[in-house]
Amino acid sequence: MKQERNTAIVLAAGQGKRMHSKIQKQFLEIDHRPVLYYSLECFQKSPLIQEIILVTGEEMISYCKREIVERYHFTKVTKVIAGGKERYDSVYQGLLACEDCDYVFIHDGARPFITEEILERGIFGVQETGACAVGMPSKDTIKIADKDGFIQSTPDRSQVWSIQTPQIFAYPLIRSAHESLRAKDMSGVTDDAMVVEQEKGTKIRLVEGSYQNIKITTPEDLDVAETFLKKYKKM
Ligand SMILES: Nc1ccn([C@@H]2O[C@H](COP(=O)(O)OP(=O)(O)OP(=O)(O)O)[C@@H](O)[C@H]2O)c(=O)n1
Ligand SMILES: C[C@](O)(CO)[C@H](O)COP(=O)(O)O
């Protein structure tokens, strides 16, 4: 029987505008290592992942090869490739670079705190329909606002989740979903589950990530990350 092959596409081609830093946030250091290091380390150690494709800016390819892949011995990283203007363009470049892949884990390099347990829940979840997103039930009450900033409605919180990454898909499903939406209109697409949502009839399983699985987005997230890291390293 052919052994399953799973690829992680790790995204590190964003500009990090909301961080307001000269260095792109995925390369900023927390506890002396780049933000990007931590998720690569988890995929490198995981027996669920056979290959990692790292997507970064064209100008950062040689830096990533030398200072991240070689320096930290991330031997599962087989390709370091250039991303695109939008997140979905970078994902698509990653998908085109995949070879011989059953399931693909699409992950934000700006989310350092994934764990083996999250990857296990992801691979379990994706077996059901070929599509799975990691997230957590919302701890806040969510309001839908109108364009003038007045509250329009309040969704039932028991059905509201904050979505994280990785998002895990059967490779042919996510590739064809990206291709069919790219041929129509990708505007407003901020994650990969949204791409599959337009494929009518494909259900996407939600599984729990963790409340620590934050995306480093704005400067205060770095302070939170330092705190999490102290705890995470003791585990
Ligand atoms: N063209 C892009 C845009 C984003 N990303 C990656 O997608 C992840 C999530 O995106 P986000 O937090 O929005 O990152 P940025 O686009 O870099 O941030 P900002 O919107 O503040 O500029 C990050 O790991 C980022 O590097 C990417 O690979 N290619
Ligand atoms: C994919 C994602 O991290 C899920 O929360 C998020 O949608 C990325 O969005 P951003 O607008 O690029 O931060």
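A polar contact is a pair of N or O atoms within 3.5 Å. The model shown here is predicted, and in it an oxygen atom of ligand 2 is 2.5 Å from an N or O atom in the side chain of aspartate 108. Arginine 18 also takes part, with a polar side-chain atom 2.9 Å from an oxygen atom of ligand 2. For lysine 215, an N or O atom of the side chain is 2.6 Å from an oxygen atom of the ligand. Taken alone, ligand 2 exposes 350 Å², and the protein buries 75% of that. The residues around the ligand include Arg87, Arg111, Ile163, Thr165, Thr190 and Asp191.

Next comes the interior of the protein. In soluble globular proteins, nonpolar side chains tend to be buried together. Here the largest nonpolar core has 72 residues, and Leu40, Phe43, Leu54 and Val104 touch the most other members. Helix α1, residues 35-45, gives this core its largest share, 7 residues. Leaving aside neighbours within four places in sequence, phenylalanine 43 is in contact with several residues, among them Ala8, Val10, Ile49, Ile52, Phe105, Ile114 and Leu119. Lys76 and His107 are also among the contacts of phenylalanine 43.

The cysteines remain. How many disulfides are there? The count comes to 0. A disulfide needs two cysteine sulfur atoms within 2.5 Å. The cysteine sulfur closest to that of cysteine 98 belongs to cysteine 101 and is 4.6 Å away, so the pair is too far apart for a bond. Cysteine 132 is in no disulfide either, as the nearest cysteine sulfur, that of cysteine 101, is 15 Å away. Cysteine 98 counts as buried, at 8% relative accessibility, and cysteine 132 counts as buried at 0%.

Terms used. Residues numbered from 1 in each chain as written. Chains lettered and ligands numbered in written order. Predicted model: local features only at pLDDT ≥ 70, side-chain atom pairs only at ≥ 80, totals over all residues. Heavy atoms only, no water. Core = buried A, V, L, I, M, F, W, Y, C linked by side-chain atoms within 4.5 Å. Buried < 20%, exposed > 50% of the residue type's maximum accessible area, 1.4 Å probe, protein only. Helix = DSSP H or I, 4+ residues; strand = E, 2+ residues; numbered from the N terminus. Contact = heavy atoms within 4.5 Å. Near = heavy atom within 4 Å. Polar contact = N/O pair within 3.5 Å; in protein donor to acceptor, adjacent residues only side chain to side chain. Areas by Shrake-Rupley, 256 points an atom, 1.4 Å probe, with all protein chains shown as cover.
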